[in-house]
Amino acid sequence: MPELPEVETVRRGLVPALEGRRFAHVTLRRPDLRFPFPKGFARRLTGRRVSRLERRAKYILVCLDATATAPEEVLIMHLGMSGRFTIHGPDGPMAPGHFHHGMPGTERHDHVVFDMEDGTRIVYADHRRFGFMDLVPEASLDASRHFAGMGPEPLGNAFSGPVLAERLAGRRTPIKAALLDQRTVAGLGNIYVCEALFRAGLSPRRMAATVATPLRSTRLAAAIRCVLEEAIVAGGSTLRDYAHTDGALGYFQHSFAVYDREGNACSKPGCGGTVNRIVQSGRSTFFCSSCQR
DNA sequence: CGGGACTCCTGCCAGC
DNA sequence: TGCTGGCAGGAGTCCC
């Protein structure tokens with residue numbers, strides 16, 4: 001489900017429930033997701049106050065105030081393919097850490113439950129369990145294994161055509177694969193790579209190194225920024241059963257030009273081509289071979 | 001070293 | 001109707 005726009009949408013949905021609030025009780029309903037939870041995870045979060053929520057690439061960062069015994073720390077959350085949060089208001093039947101049958105947090109794939117001091121319950125469910133959580137000191141965040149070597153934020157000031165060109169230069173792999181690599185640009189996934197390449201008029205099969213020209217890299221960087229910004233405004237894309245924290249659905253999927261549109265006429269005015277599907281490094285790529293060169 | 005195949009896990013859907 | 005194989009928004013690990 002989640003690429004950068006969906007993760008940003010989820011982050012915004014969590015802000016009212018988390019920012020400025022304290023964790024009263026954290027329940028792990030299994031010892032691991034994709035990876036084991038770090039040692040003392042629930043205990044270390046209990047009583048901590050959330051200062052702010054940030055996003056980096058496809059990660060949600062929950063920043064925690066320092067305490068008498070702990071420095072400022074960051075709860076790192078990655079949603080994998082199927083991770084989702086639901087928020088249940090303090091008027092519900094919950095008591096912190098209690099799970100009567102039918103209460104939020106008791107479904108089969110409800111793996112993590114955050115009970116806040118105000119009685120709000122935040123449930124993380126992830127049926128494929130490709131997501132994960134970690135808790136690290138804020139001072140070592142950049143050097144952590146999650147972020148070391150990660151490419152620039154595509155919506156940040158540090159992202160531009162020349163920066164992208166530098167990261168593509170010499171790469172002997174298709175541009176599609178290079179853009180999925182989080183070391184090139186952070187936060188893109190299969191959907192938005194397909195959409196950005198379409199907007200830039202570039203074939204996904206083209207070698208990455210050949211995009212490292214001023215014209216192509218500038219066009220591609222602009223396409224990436226543009227498609228991500230539009231998707232965020234739309235609340236992300238909803239495929240299968242992804243929903244916002246409040247249950248609302250994103251609607252950017254209605255704006256896909258190529259993703260999951262195999263066989264459709266190319267939407268570029270005057271093109272007349274057809275959207276094709278090919279497989280690259282084991283994953284579907286959608287593109288128009290007439291106008292994407 | 002860079003690049004590509006494989007892997008984790010569950011659910012869903014098309015096709016037989 | 002019921003089973004099966006393929007496929008799904010990610011990315012770490014291993015092997016060449």
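This note sets out, in numbered points, selected features of the model shown above.

1. Basis of the model. The structure is a predicted model, in which local features need pLDDT of at least 70 and side-chain atom pairs count only at pLDDT 80 or more, while totals for chains, interfaces and linings use all residues. Residues are numbered from 1 along each chain as its sequence is written, and chains are lettered from A and ligands numbered from 1 in the order in which they are written.

2. Surroundings of the DNA. Which residues surround DNA strand B? They are Arg108, His127, Arg128, Arg129, Phe130, Arg171, Arg172, Thr173, Ala177, Ser281 and Gly282; a residue is near a strand if its C-beta atom, placed from the backbone, lies within 6 Å of it. By class, the surface near DNA strand B has 5 charged, 4 polar and 2 nonpolar residues. Here Ala, Val, Leu, Ile, Met, Phe, Trp, Tyr, Cys and Pro count as nonpolar, Asp, Glu, Lys and Arg as charged, and the others, Gly among them, as polar.

3. Arginine 129. This residue, listed among the surroundings of DNA strand B, is found in the loop between strand E7 (121-126) and strand E8 (132-137). Helices (H or I, at least four residues) and strands (E, at least two) are DSSP runs, numbered from the N terminus. The phi of arginine 129 is near 60°, a positive value in a residue other than glycine. Arginine 129 counts as partly exposed because it has 17 C-beta neighbours inside 10 Å. A residue is buried if 20 or more other C-beta atoms lie within 10 Å of its own, exposed if 12 or fewer, and partly exposed in between, with C-beta atoms placed from the backbone.

4. Alanine 57. A positive phi also occurs at alanine 57, near 55°, again in a residue other than glycine. Alanine 57 lies in the loop between strand E2 (50-56) and strand E3 (59-64). This residue is buried, because 20 other C-beta atoms lie within 10 Å.

5. Helix H5. H5 comprises residues 190-200 and is mostly covered, with 10 of its 11 residues buried. The buried residues run through Ile191, Tyr192, Val193, Cys194, Glu195, Ala196, Leu197, Phe198, Arg199 and Ala200. They pack against helix H4 (175-180), helix H6 (214-233) and strand E10 (283-288); two residues are in contact if their C-beta atoms, placed from the backbone, lie within 7 Å. Just after H5, glycine 201 takes a positive phi of about 70°.

6. H5 against H6. The axes of H5 and H6 are 8 Å apart and the angle between them is about 125°. Such axes are lines fitted to C-alpha atoms, for helices over the stretch in contact, and angles run from 0 to 180 degrees between N-to-C directions. H5 is therefore oblique to H6. Angles under 35 degrees count as roughly parallel, over 145 as roughly antiparallel, 65 to 115 as roughly perpendicular and the rest as oblique. Tyr192, Glu195, Ala196, Arg199 and Ala200 in H5 meet residues of H6 including Arg219, Leu220, Ala223 and Ile224. This contact of H5 with H6 has 10 nonpolar, no polar and 3 charged residues.

7. H3 against H6. How do the axes of H3 (residues 161-168) and H6 cross, and within what distance do they come? They come within 8 Å and cross at roughly 110°, so H3 is roughly perpendicular to H6. The residues that meet are Gly161, Pro162, Leu164, Ala165 and Leu168 in H3 and Pro214, Ser217, Thr218, Leu220 and Ala221 in H6. The contact of H3 with H6 divides into 7 nonpolar, 3 polar and no charged residues.

8. H1 against H6. Helix H1 (residues 4-18) packs on H6 at an angle of about 35°, with the axes 9 Å apart. In this pair, Leu4, Pro5, Glu8 and Thr9 in H1 meet Leu228, Ala231 and Ile232 in H6. By class, the contact of H1 with H6 has 5 nonpolar residues, 1 polar and 1 charged.

9. Alanine 24 is in strand E1 (residues 23-28) and counts as partly exposed, because it has 19 C-beta neighbours inside 10 Å. Leaving aside neighbours within four places in sequence, alanine 24 is in contact with Pro96, Asp115, Met116 and Glu117. Histidine 98 is found in the loop between strand E5 (83-88) and strand E6 (110-116). With 13 C-beta neighbours inside 10 Å, histidine 98 counts as partly exposed. The C-alpha atoms of histidine 98 and serine 289 are separated by 56 Å, and the two residues are 191 residues apart along the chain.
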